[in-house]
Amino acid sequence: MADEDSWLIDFPTLGHLVCAWIERHCRQPDGPLRGRPVVLSDWQYWLAANRWRIREDAPYVPPEEVTVDNPMVLNQAFEYRMTLTVGPQKWGKGPCTAFFTAAEGCGPTIFDGWAQEGDVYRCADNGCPCGWEWPYNPGEPKGRRHPSPLIQLTANSEEQVRNIYRPLVATILLGPLKELMRVRDTFIRILQPGREGEADALDLDRIDVVTASAKSRLGNPITDAEQDEAGLYTKSNGMIAVATTQRRGAAGMGGRTHAWTNAWDPGEDSYAQQVFENAEDDVFVFYRNPDLAKSLRHRDGRPLDFNLKSERLKMLEYVYRGSPWVDLNSIESEAKALMKTDPTQAERFFGNRLVQGGGAWLEDGLWESCYAGA
């Protein structure tokens, strides 16, 4: 969990390699920096470090020893089988998801053993002509491309899934990733080194979109699912069933799932809420909750009041920290305007607070009990 952002990466992870790969291969999809290399923020780096955290006792089977009876170790090499990221609107979830998806498609996201002196990751060995190399430190985990990536981008609607798909397409077409992926009308094809014939022609390795109205590929084995706005997945709209089906499909393929969302309405029992409240040890949750930050409490322990501009600004500064592309004056204006018509939604969208519809707060002390043991 993230409270005051005292983050220390003192565990084995592919995150260092993957982040370096992203910054070398991905391009800024929007704004005045469009087309320039991506520079990840501190919270994005922290997410990557934990998403690709490797178990210290991770088993490893070298590729040349892989057989039907001795399969490649995939998800069992990682500390976490799934992640949940909770953040405010315009925080940067969509582009971050796009960059991570690109890495899952053709970056070094599969554990490839422990580095020895002189070991190097080379793009040339992985079908990429850019010439980039990454020298390993002895003893750190090595990475390689997934041999057969099948990725699903998931949201409740076509409009929602564009928050990921649009920056993903842009980051592919604006940089070297266009040599590794092909953008089609309804999916993205992932090219594999040495498979320019039948495997690529059949579009076996791909990134697909799954929504409430387009579930044709639901149930397929997958290696990764990026579940956008999981706080809107409910039993009534059928998206909890979609998300859990994806988890089963990923488990059968040695894959994992990753949920992203704004703060949810605690009265709706959403998929994100269920994942959070179950608090399983093999699920990584990143949630910068202003109500758990000691710096955002009154002397008597009361949380700050989002209705008061001075206190609201302190909360916005906290939850948007590490996102320099966000103009807090613009966010404050939007939050103030929304407060007039839907104050609880304003607190969830911009304050990153879990507030029930109608303005009812959760029972005092509930958050602390949820985080204990998480």
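Predicted model: local features only at pLDDT ≥ 70, side-chain atom pairs only at ≥ 80, totals over all residues.
Start with helix 4, which covers residues 158-173. With 16 residues at 1.5 Å each, this helix should span 22 Å, and its end C-alpha atoms sit 21 Å apart, so the two figures agree. Helix 4 isn't straight, though: there is a bend of about 35° at isoleucine 164, with proline 167 following within four residues. Both Ile164 and Pro167 turn up among the buried residues of the helix.

Next comes the pairing of helix 6 (residues 239-252) with helix 7 (residues 271-278), whose axes come within 9 Å and cross at roughly 55°. On the helix 6 side, the contact is built from Ile240, Ala243, Thr244 and Arg247, while helix 7 puts in Tyr271, Gln274 and Val275. By residue class, the contact of helix 6 with helix 7 splits into four nonpolar, two polar and one charged.

Arg247 also shows up in the surroundings of threonine 257, a residue of strand 11 (residues 256-261). Threonine 257 has a relative accessibility of 2%, which means that it counts as buried, the cut-off being under 20%. Leaving aside residues up to four places away in sequence, threonine 257 touches Arg81, Met82 and Thr83, then Ala225 and Gln227, and finally Gln246, Arg247 and Ala250.

Notes:
Residues numbered from 1 in each chain as written. Heavy atoms only, no water. Axes fitted to C-alpha atoms, helices over the stretch in contact; angles between N-to-C directions. Helix = DSSP H or I, 4+ residues; strand = E, 2+ residues; numbered from the N terminus. Contact = heavy atoms within 4.5 Å. Nonpolar A, V, L, I, M, F, W, Y, C, P; charged D, E, K, R; others polar. Expected span 1.5 Å × (residues − 1). Bend = angle between axes of the 7 residues up to and from the residue. Buried < 20%, exposed > 50% of the residue type's maximum accessible area, 1.4 Å probe, protein only.
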